[in-house]
Structures are given as structure tokens and as C-alpha cells.
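Dear colleague,

I am passing on the structure below, together with notes on what turned up in it. Please read the notes with the coordinates open beside them.

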Amino acid sequence: QDGISALPEFRRLASEAPVIIMTAFGDLETAVAALQNGASDYLTKPFELKDARRSCEAALESAGSRPEEKNTGSPEKTRASGESKRGEIIGSSPAIQQIFKQIALVADSDLSVLITGETGTGKELVAAAIHRHSPRRDAPYLPIAPVALNSDLIESELFGHVAGAFTGAVSDRAGVFEQAEGGTVLLDEIGDLPLGTQVKLLRVLDQQEYFRVGDVRPRPCNVRILAATNCDLQQAVQDGSFREDLFYRLNGLRMHLPPLRERLQDIPALCKYFLSSLNYRGAAFTEELLAQVVARPWNGNIRELRNAIEHAAVLARGRAITLEDFPAPQPSREHLSNQGFESVVQDWFADVTKALGEHHIGLHEALLSEIEPILFRLALKHTGDNRSKAAELLGIHRATLREKLRSFDIE
């Protein structure tokens, strides 16, 4: 018998003894099966002795301090809940193993989770995994991005409306929270939620009820709320664009997803996984090519890597993939510097200090005032004047972008 399937018997025979699972399978399903069925921790082979010692010490410290647990769940059932390969989270790096553990530990609860990380790091995959391994797994899971909704109808989309609530509301309509009753809602890019709607979301979290638009009767709400963002919500709180009380209610547990540059050892496995999911016959990666792919900058993280592999597989047309089949890498800051960006700033610096003589002060603000309008115009042009996407591209909050554009008199 393997350790995972033996866990319920261990817990029955020696409920107070901590159990640590040693496994060769460092995937999410193993983490969930181990931790949700009573293991104190799990170690993925190969591991460092210091990691095993740390795990044992933590298990011994917690032994006896927790109430006796009776677990009647089947590990086979837990494992089966994650059998689908769609949206699988791939990786064996310490950073992603920590995410697996957090998913396994938080999935069983109804705690609100705030998932943070750069664009393309897999925030929605993590949210879906939390739902998939939770007791709510058989109920609806609805991911929704407020930024994609009409700002005039966002409350109707989330909470529903009654007939006659506004022009065009010819009948009652259920919103996202009603449709997801008993399940989970992911609010993606939560930082874009309008302040007025934030107040109503806070009511859902605090009192488990909401009002349809135009209704005076509250409706009960049994929904778990997960939130995701790539912006700094604490900074948004300071800027006044995000409510502090809502931030703390959403931040029951924060999970920060590492960028791809912090988990380079996962890139080969991700490449093979994405390629196999495309079902292109004959296409393959050599070890030399994988090393070259790992060395490239992936500023768009996993999303950029996946798109690049699909691009390469199409061009390879069944033959072995080469580096030439990949799209050109997105320029990094270092690349821009090497291409003359630094020399441009040097020329500007020389011209300004020469013109001002000994009175050259405030150069930092002066340079920003020259560069920012150009950068913001380019971002708006690149996103087709979509300010939310432009803010995401720039890595700033939408409210900050709005204020900057107003100060630069950019319409």
C-alpha cells in the first residue's frame, strides 16, 4: 500500500501521531490528497535533509495541540477530483510546491483568498484548483472580471436586477452570486471594481446577503469569494481607489504566485506539457533547445511561454522544433539599455545640465515629465485606447493612470 492510500488507517490507529508523506509525485493532486487526508506535511523526492528536519520539527511542535480528527474521506476520491488535465498547474520548484501546499490547506475552508502575481502567472488556474478541491466542487464555479463588464451594468451583472429597475430591465434577472449559489466566485482584477460596488461586495462578505438592483428585499448568499489582482491593492487603499475594509475581508489568506523567472526549473516541464496538449505529431524539444528556452526572458510569464510554444509548433509543422521557430523575445529593460536607451538619457542629461548651468535641480521630475506622456500614449495606442488594459500593461492602477492622463492633458 502506498502512503496516500494508507493515511486513513494511520489516522484511525494513531490519531495523535503526526504523519509526513514522502513522495516522488510533486503535483497538486498529491499535495491535496496528503494534506486533506491528515498528513502534517509531504516531502517531494529528492529533498534536502534540512527540509526533512524542519518538517519533522514542525510536526512534533503541532502534535497534541490539535483536536483529534476523524476523516472519513477517501483519498481515491480526492485524487479523482483532480484527474482532469485541463488547466493543470505544472511544476516541481520549491516556489510552486509552496503554492500546492497552500491550495491543499485552504481548499477545505470557506476562507476568502486574495491571489496576487504578475500578469500570466496562472492566478485563475489557482482559483479553479481551490474550488476543484473544495467541498463546493460539485456546485458552480464562476470566474468574472469586473473590468470586462459595462460599468453602468456591473451591479446588475453581479447581483441581478428586478423588472423595471432601469431602462431595458423588462424581467427579473439572476446575477453572478445567485447563479453561483453554493459554489465559488472568482473576481479577477478586483482592483478595477468601482468604489460603489465595493460597498455592496463588502455586505456579501460580512452579512452573506445582497440586494438585486431595484429590489428592497435582501437575498441570502452562500458563495465563497476568491479575488485576484496583478496590482498593489495596499497602494490602491492609500490612493483611495480601494476600500481598506474590503481589502482586509478579501485578504483572509494571500497567495502570491511567483513569476516564471523565479521558477526557471519548471520551464522544461511546462514546455513539454504545452506541446503535448497541442497534439502536433513529430514536434519535440531537444535538451539543447530546452536550455535555450530557459535562458530567454519571459516577461509575460507562463502565458507568453504557452503562446510561444504554440507559435513554434505551428511553424515546425511536425519536425523537431528549433529556436528559430519561436517568436522574437519581448525586450527587457537590460535589452533596451543595450540598444541605446541609456545613451539617449545620457544625451538628455548633458543637454539639460549644459543649458541650466549650476542651477540644474529637479532632474528626476523633469525626465519623468518628458518620458511618461510618450509612454502612456504608446500604451493607449497599443491597447486601442482601453485604459484598463493600458494600466495593466504599464503595471499601475487604473485610477493612477487616470490621474496621470489628466495631468498630462491626454484625453
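This is a predicted model: local features need pLDDT of at least 70, side-chain atom pairs count only at pLDDT 80 or more; totals for chains, interfaces and linings use all residues.

Residues are numbered from 1 along each chain as its sequence is written, and side-chain values use heavy atoms, with hydrogens and water left out.

Helices (H or I, at least four residues) and strands (E, at least two) are DSSP runs, numbered from the N terminus. Five strands form an open sheet in the order β4-β5-β8-β3-β9, with parallel pairing, where two strands pair if DSSP finds at least two bridges between them. The edges are β4 (141-144) and β9 (253-256), each of which pairs on one side only. Within the sheet, β5 (residues 184-188) and β8 (residues 224-229) are joined in the parallel sense over five bridges, and leucine 187 has alanine 227 of β8 as its bridge partner.

Helix α5 (residues 94-107) packs on this sheet, touching β3 (113-116), β8 and β9, and its direction makes about 155° with that of β9; contact here means heavy atoms within 4.5 Å, and angles run from 0 to 180 degrees between N-to-C directions, with axes fitted to C-alpha atoms, for helices over the stretch in contact. Helix α6 (residues 123-132) lies across β3, β4, β5, β8 and β9, running at about 150° to β3.

The contact is made by Leu375, Phe376, Ala379, Leu380 and His382 of α16 with Arg387, Ala390, Leu393 and Leu394 of α17.

As for the loops, aspartate 192 sits between β5 and α9 (195-207) and, at 14% relative accessibility, counts as buried (under 20% relative accessible area, with exposed over 50% and partly exposed in between, for a 1.4 Å probe and protein chains only). Residues up to four places away in sequence aside, aspartate 192 touches Val147, Ser388 and Arg398. Proline 327, in the loop between α14 (301-316) and α15 (333-356), is partly exposed at 26%. Its C-alpha lies 6.2 Å from that of alanine 308, although proline 327 and alanine 308 are 19 residues apart in sequence.

Best regards
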